[in-house]
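User: I would like to learn how to read strands, cavities, pockets and ring pairs in a protein model. Can you take me through one?

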Amino acid sequence: MAAEDDNSNVPIPEPEFDDESVITLTTHQGQFGANPISVKWGAATALERGPIIATTRHSSQRNAIGAHSGGYSVYKALAVATGGLDPKYQPKFDLTTPVVKMGPFNSWHDPKRIVSMDPYGHMPTIAFEEYVKKGYDIRPTIAITKAHIDLPECKEAIRVGRLTPDGDVLTHDGQSHITKFAVEPVWNLPGIAERFGCSEASLRETLFKETNMMYPELVTRPDLDTFLPPVGGLTIYVWGSVEKIPDENVPLTVRVHDECNGSDVFGSDICTCRPYLTHAIEECIKTAQEGGTGIVIYYRKEGRALGEVTKYLVYNMRKRQEGGDKAEEYFNCTQHVAGVTDTRFQALMPDPLVWLGVTKIHKLVSMSNVKYDAITAAGIEVVERVAIPAELVPADAGVEIAAKVFNGYEGGDVYKVDKQTLEKVVGRDYDYKKTDAEMVAEAGLDALKKSGASAAPDEEPSAKRAKSN
């Protein structure tokens with residue numbers, strides 16, 4: 001994989017290495033010794049854009065605020081502090097290059113299309129080879145590898161006939177073959193501000209204040225436009241051909257999923273996260289077997305990006321409030337605890353899809369109106385939306401689905417939630433011995449599952465219809 005064009009005329013300065021006996025508390029624009037490598041976000045070629053320098057070895061030439069690996073940088077610091085890691089260690093990347101070729105696409109060269117990840121993050125040693133030869137410490141922010149996924153739900157799907165092994169995409173023992181991408185966030189602050197409709201100055205000041213002044217250069221270095229925020233990244237899982245993703249004639253199934261440790265990993269039945277995720281994986285497998293491609297993007301945004309502690313506090317409020325865990329109070333409980341119902345800010349969510357070259361999604365496995373709006377606002381066409389099948393909704397998750405559909409999620413012909421149905425849906429009590437509470441919960445869930453069948457036909461366009469496969 002080579003850089004796009006010959007950039008031999010792009011000057012590359014000599015690297016400057018830090019004196020480790022000196023600690024700089026903060027830096028200011030134009031101060032002596034501050035000479036960051038230029039970054040022109042959205043430039044026509046990689047070398048014109050410039051590498052992201054965020055390591056600790058070239059502080060005078062560093063062009064990004066923050067550190068690699070986000071919050072995990074703290075563990076790196078512990079490794080250095082305890083003598084387990086030499087701070088001068090230079091990683092060996094010669095055998096770590098991507099297993100598939102990615103891009104470049106035209107969207108990589110548009111400063112407004114991708115603002116929350118580095119389009120060249122998977123190939124810094126190739127795209128910026130001349131910098132590396134001079135001794136610059138440039139780290140990847142994207143890694144691409146291959147793997148086998150072994151899910152019990154896929155084995156069950158084979159047993160009951162929902163999936164059929166083909167020996168290629170899906171093996172007879174239930175393993176599916178994938179390509180996966182790990183992505184760390186790299187923010188272009190002017191682009192982030194524009195995406196959210198606020199001024200860059202306001203964004204910088206608020207980030208500085210709300211992180212308890214962890215990053216003073218957000219306000220002292222307006223010349224540094226790149227920020228590596230201390231937040232979780234994302235993982236992209238691809239079934240089928242990566243190369244076919246940009247081809248609008250090739251079927252593409254997509255789910256964008258936000259992390260839910262309780263359900264995704266441990267099977268908690270208070271939400272639909274794991275069953276919806278595994279249903280999407282089945283849809284991706286089927287699409288890949290038909291010659292298309294399936295994509296699941298998994299964001300680390302636990303508890304709607306409010307965090308797991310906040311999520312559990314909300315659970316307690318939901319279960320303890322007068323009248324029980326009522327669907328009509330689902331969002332209000334989060335508002336009461338966190339002051340806001342959601343901080344995932346899906347405006348940034350489509351960036352990895354744009355990076356992959358997606359322009360058309362034939363099947364979007366999502367009911368979220370917010371995600372749908374963000375994806376289509378990014379210029380990506382959505383043909384069909386797929387709701388979670390009613391039989392996959394866990395015993396205590398009816399509250400979630402009823403509240404979301406009533407508040408705008410696309411239930412299509414599967415869920416039709418009016419005020420009467422909403423009031424019927426109540427979750428179970430913490431005390432499982434209260435059989436009356438269990439019966440109320442079961443009745444509400446049953447009403448939800450039957451709501452689509454009993455409602456009048458919907459006349460919405462097919463792009464907004466949610467179907468259960």
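**Reading the model, feature by feature**

Analyst: Start with strand E8, where both faces are covered: Thr293, Ile295, Ile297 and Tyr299 are buried on one side, and Gly294, Val296 and Tyr298 are buried on the other. Keep in mind that this is a predicted model.

User: Why do the residues of a strand fall into two sets?

Analyst: In a regular strand, side chains alternate between the two faces of the sheet, so every second residue belongs to one side. In E8 (residues 293–299), seven of the seven residues are buried.

User: Which strands pair with E8, and in what sense?

Analyst: Take each neighbour in turn. Strand E6 (residues 234–240) runs antiparallel to E8, with seven bridges joining them. Within that pairing, Thr235 stands opposite Tyr298. E7 pairs with E8 in the parallel sense, also over seven bridges. There, Asp258 stands opposite Tyr299 of E8.

User: Now helices. How do I check the length of H10?

Analyst: Compare the end-to-end reach with the expected span. Helix H10 (residues 273–289) has 17 residues and reaches 24 Å from first to last C-alpha, close to the 24 Å expected at 1.5 Å a residue.

User: Is H10 mostly covered or mostly uncovered, and what follows it?

Analyst: H10 is mostly covered, with 15 of its 17 residues buried. After H10 comes Gly291, with a positive phi near 100°.

User: How is enclosed space found?

Analyst: Rolling a probe the size of a water molecule over the atoms shows where empty space is left. This structure holds four cavities of 30 Å³ or more.

User: Which residues lie nearest the centre of the largest cavity?

Analyst: Its lining has 32 residues, and Cys273, Arg304, Tyr330, Glu400 and Lys404 are nearest the centre. Strand E7 (252–258), H10, helix H11 (308–320), helix H12 (330–338) and helix H15 (398–406) each give two or more residues to the lining. H11 gives the most, with five.

User: What about the second largest cavity?

Analyst: That cavity has a volume of about 50 Å³. Its lining includes Arg49, Asp118, Tyr120, Phe128 and Arg139. By class, six lining residues are nonpolar, two polar and three charged.

User: How much space lies in the second largest pocket, and what lines it?

Analyst: A pocket is open, whereas a probe in a cavity cannot get out. About 1000 Å³ of space lies in the second largest pocket. Of its 34 lining residues, Trp187, Leu207, Val231, Thr343 and Phe345 are the closest to the centre. Helix H6 (189–196) and helix H7 (200–210) are the elements that give two or more residues. The largest share, five residues, comes from H7. The lining has 20 nonpolar, eight polar and six charged residues.

User: Last topic: aromatic pairs. How many are there, and how do I read their geometry?

Analyst: Read the centre distance and the angle between planes. The structure holds 13 aromatic pairs. Tyr72 and Tyr75 form a tilted pair, 6.3 Å centre to centre with 40° between the planes. Tyr72 is exposed, with a relative accessible area of 62%. Tyr75 is exposed too, at 56%. Now take Trp108 and Tyr120: this pair is edge-to-face, 5.6 Å centre to centre, with 85° between the planes. Both residues sit in the loop between helix H2 (73–81) and helix H3 (124–127), 12 residues apart.

User: Are Trp108 and Tyr120 buried or exposed?

Analyst: Trp108 and Tyr120 are both buried.

User: Which rings make up the cluster that contains them?

Analyst: Follow the pairs from ring to ring. They link Phe105, Trp108, Tyr120, Phe128, Tyr131, Tyr136, Phe181 and Trp355 into a cluster. Of these, Tyr120 and Phe128 also line the second largest cavity.

Conventions. Residues numbered from 1 in each chain as written. Predicted model: local features only at pLDDT ≥ 70, side-chain atom pairs only at ≥ 80, totals over all residues. Heavy atoms only, no water. Helix = DSSP H or I, 4+ residues; strand = E, 2+ residues; numbered from the N terminus. Expected span 1.5 Å × (residues − 1). Buried < 20%, exposed > 50% of the residue type's maximum accessible area, 1.4 Å probe, protein only. 1 Å grid on protein atoms, 1.4 Å probe; cavity = no way out; pocket = protein on both sides within 12 Å on 5 of 7 lines; lining within 4 Å. Points joined across faces, edges and corners; volume = space filled by probe spheres on them. Nonpolar A, V, L, I, M, F, W, Y, C, P; charged D, E, K, R; others polar. Pairing = 2+ DSSP bridges. Phe/Tyr/Trp six-rings, centres within 6.5 Å; stacked < 30°, edge-to-face > 60°.
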